[in-house]
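Me: Please show me the structure, and let me then ask on what grounds its features are named as they are.

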Amino acid sequence: MKTLDRRLFWLLILGLALAHLLLLAALHLVPYWFDFASWRVSRFSRNLQGSLAGAQCALLAIYWAISPWRWIKRTALFTAGLGIFVLAHAAVYYPWTTMPGTPMQIFGRLVLNGVDVFVGDTVVYAVGLELLRPVWGVLSRSSPPIREDLTILVLLRLTAMAAIAAAVVSRSIGYFEEPVWYTLHWVIDGMLLASCTWLALASRHAWLGGLGCLAAYGGVYCMTPEEMANAYGQWYRLPFYLLQTFWILATHMIVRLNGFRLHRVPGAPPSSALDPQQREHLE
């Protein structure tokens, strides 16, 4: 039987994250290097770059929620990964920006733009997916580490992260600007992320994830703004979501092919009741 391999787990997660960053940079830079002007402004090119950037943030949230390590360790990795992504995104776009100002001012604006676009939504998805942790368990190649119990401390952590997300998101959309629409948008996106994860990594009944993806696409159809639907059609956003689904599933399948699955331990005892060998899995 395969056993949990920490080194392989970290190599997979960090290696895939680095591959995404390099691919995202290539998708943006190669058209400039070869002067593919029509490609740069095409809708498919924008969807390709945007979906990969969105998928990178989504995967950070997903693997934070299903990682087998303790909350502090996985949160540190999540925070560092999100910070690196924002800085890398600003560095890629810096040579092509036409913003006025000194180099530091321009780079600072790009970083703030990355925070506005990526950080708030990513933390919202992370909090939502974390609530599923007691349901779907954690990623493991054999007997999983004992999951964290839903204690008051865990709820306080989630509340703090939700408050951070709300503060960042409010910077972009305002405190009272269409809150229902944005809430439904996060619900649909979260459904898609969770469904992709279940479809690729569940030990049983993976087909339920496929149904969830179809339901999310239906939500995308219903949530298309009227002005966009009139201009481009009701399925205007579908190519973006299909591409994002592809990036997420492709990443998950690489993890799956290395033997990792989602495993849950029903009725797990508190970590204080574990023997030393069980506690060692959580370190």
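**Grounds for the names**

Reply: This is a predicted model. Both Arg74 and Glu130 are buried in it.

Me: What makes the contact between Arg74 and Glu130 a salt bridge?

Reply: The side chains of Arg74 and Glu130 come to 3.0 Å, nitrogen to oxygen. The rule asks for a side-chain nitrogen of Lys or Arg within 4 Å of a carboxyl oxygen of Asp or Glu, so the pair qualifies. The two residues lie 56 residues apart and link distant parts of the chain, with Arg74 in helix H4 (residues 71-93) and Glu130 in helix H5. By this rule the count is one salt bridge.

Me: Why are H3 and H4 called roughly antiparallel?

Reply: Helix H3 (residues 43-66) packs against H4 at an angle of about 165 degrees. Angles over 145 degrees count as roughly antiparallel, and therefore the term applies to H3 and H4. Their axes are 8 Å apart, and their crossing is right-handed.

Me: Why is His205 called partly exposed?

Reply: His205 has 43% relative accessibility. Buried means under 20% and exposed over 50%, so His205 falls in between. His205 is placed in the loop between helix H8 (179-201) and helix H9 (207-223). Its phi is positive, about 55 degrees, although His205 is not a glycine. Most residues other than glycine have a negative phi.

Me: How do you know that the span of H5 is close to the expected one?

Reply: Helix H5 (residues 103-130) has 28 residues and reaches 39 Å from its first C-alpha to its last, against 40 Å expected at 1.5 Å a residue. H5 also has a kink of about 35 degrees, centred on Val115.

Key. Residues are numbered from 1 along each chain as its sequence is written. This is a predicted model: local features need pLDDT of at least 70, side-chain atom pairs count only at pLDDT 80 or more; totals for chains, interfaces and linings use all residues. Side-chain values use heavy atoms; hydrogens and water are left out. Helices (H or I, at least four residues) and strands (E, at least two) are DSSP runs, numbered from the N terminus. The expected span of a helix is 1.5 Å times one less than its number of residues. The bend at a residue is the angle between axes fitted to the seven residues ending there and the seven starting there. Buried means under 20% relative accessible area, exposed over 50%, partly exposed in between (1.4 Å probe, protein chains only). Axes are lines fitted to C-alpha atoms, for helices over the stretch in contact, and angles run from 0 to 180 degrees between N-to-C directions. Angles under 35 degrees count as roughly parallel, over 145 as roughly antiparallel, 65 to 115 as roughly perpendicular and the rest as oblique. A crossing is left-handed if the near helix is turned anticlockwise from the far one by less than a right angle, and right-handed if clockwise.
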